[in-house]
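Visitor: I would like to go through this model term by term. Please set each value against its cut-off.

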Amino acid sequence: MSSESSKRILAERTAENFIGRSSEIERLMRRSTLSEGLLLATPPGAGASELLKQTFDRLFFEKAGSVPFYFELRRRDLTASNAARRFVHEFIVQAVAFRRRDPGIILISPGLSELSELAAPEDGHWIDRLVDYIRSDAPTDDERSFVRNCLTAPARAAARRGFDLLGS
């Protein structure tokens, strides 16, 4: 493992201290190049979130092309619209960070205006459209449509941008 891949972005433990899961991480790494999904079902407390965070960190540093994306629901989201808005924001943050190869962008979690400025020029169009959309008052018109549009943002961005996307 390279020293770069042992750095943490989302993982709560260093890779060296996350033991006994190397075969699962390798399997997830191999699966990252496939377009089909993978269901990871474990009981609460079994370490699935940390496994996914460890895999995200490795993909971020070791893979080229595919944009890794990690999102978890939080109790404080309270509504589907809040969770959907945060989903799009985190997607843009992680995509911009990956495309610029700058994990610091994830760590500082910049606001929407700053993200538009940080984005690589070739990504500006689709990012600006997503930023405009989540700033709009769309949830008051049709919350279900708003949530659906937010959750499909990674797939729509991949179609517009032509980059591979993981975790969508």
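What follows is a set of questions on the labels used for this chain, with answers.

Guide: This is a predicted model; local features need pLDDT of at least 70, side-chain atom pairs count only at pLDDT 80 or more, and totals for chains, interfaces and linings use all residues. Residues are numbered from 1 along each chain as its sequence is written, and side-chain values use heavy atoms, with hydrogens and water left out.

Visitor: How many helices and strands does the chain have, and what makes a run count as one?

Guide: The chain has nine helices and zero strands. Both are DSSP runs, numbered from the N terminus: a helix is H or I over at least four residues, a strand is E over at least two. From the N terminus on, the order reads α-α-α-α-α-α-α-α-α.

Visitor: What share of the chain counts as buried?

Guide: Of 168 residues, 42% are buried. That label means under 20% relative accessible area; exposed means over 50%, and partly exposed lies in between (1.4 Å probe, protein chains only). The chain exposes about 9600 Å², and carbon and sulfur atoms supply 49% of that area. The areas come from the Shrake-Rupley method.

Visitor: Among contacts between residues at least 6 apart in sequence, what share joins residues at least 24 apart?

Guide: The share is 62%. A contact means heavy atoms within 4.5 Å.

Visitor: How do you know that the span of α3 is close to the expected one?

Guide: Helix α3 covers residues 80-100, which is 21 residues. The expected span is 1.5 Å times one less than the number of residues. For α3 that gives 30 Å, and the helix reaches 30 Å from its first C-alpha to its last.

Visitor: What makes α3 mostly covered?

Guide: In α3, 16 of the 21 residues are buried.

Visitor: Why are α3 and α6 called roughly antiparallel?

Guide: Their axes cross at roughly 160 degrees and come within 10 Å; α6 is residues 124-135. Axes are lines fitted to C-alpha atoms, for helices over the stretch in contact, and angles run from 0 to 180 degrees between N-to-C directions. Under 35 degrees counts as roughly parallel, over 145 as roughly antiparallel, 65 to 115 as roughly perpendicular, and the rest as oblique. The α3 and α6 pair is therefore roughly antiparallel. Residues making the contact include R85, V88, F91, I92 and V96 of α3, and W126, I127, L130 and I134 of α6.

Visitor: Which hand does the crossing of α3 and α6 have?

Guide: The crossing is left-handed. That label applies if the near helix is turned anticlockwise from the far one by less than a right angle; clockwise is right-handed.

Visitor: How do you know that I127 is buried?

Guide: I127 has a relative accessible area of 0%, so it is buried. I127 lies in α6. Leaving aside neighbours within four places in sequence, I127 is in contact with I92, V96, S116 and A119. I127 and V96 are 31 residues apart along the chain, with their C-alpha atoms separated by 9.0 Å.

Visitor: Why are α3 and α8 called roughly parallel?

Guide: The axes of α3 and α8 (residues 143-151) cross at roughly 25 degrees and come within 9 Å. The two are therefore roughly parallel. Among the contacting residues are A80, A84 and F87 of α3, and F146, V147 and L151 of α8. The crossing of α3 and α8 is left-handed.

Visitor: Why are α1 and α2 called oblique?

Guide: The axes of α1 (residues 22-31) and α2 (residues 48-62) cross at roughly 55 degrees. That pair is therefore oblique. Their crossing is right-handed. E24, E26 and L28 are among the α1 residues that meet α2, whose side of the contact includes L51, T55 and R58.

Visitor: What makes E26 partly exposed?

Guide: E26 has a relative accessible area of 32%. E26 and R58 are 32 residues apart in sequence and 9.9 Å apart in space, C-alpha to C-alpha.

Visitor: What makes the phi of R101 worth a remark?

Guide: Phi of R101 is near 55 degrees, a positive value in a residue other than glycine. Most residues other than glycine have a negative phi. R101 sits in the loop between α3 and α4 (104-108). R101 is partly exposed, at 38% relative accessible area.

Visitor: Where does S109 lie, and what is its phi?

Guide: S109 lies in the loop between α4 and α5 (112-118). Its phi is near 45 degrees, a positive value. S109 is partly exposed, with a relative accessible area of 38%.

Notes. Areas by Shrake-Rupley, 256 points an atom, 1.4 Å probe, with all protein chains shown as cover.
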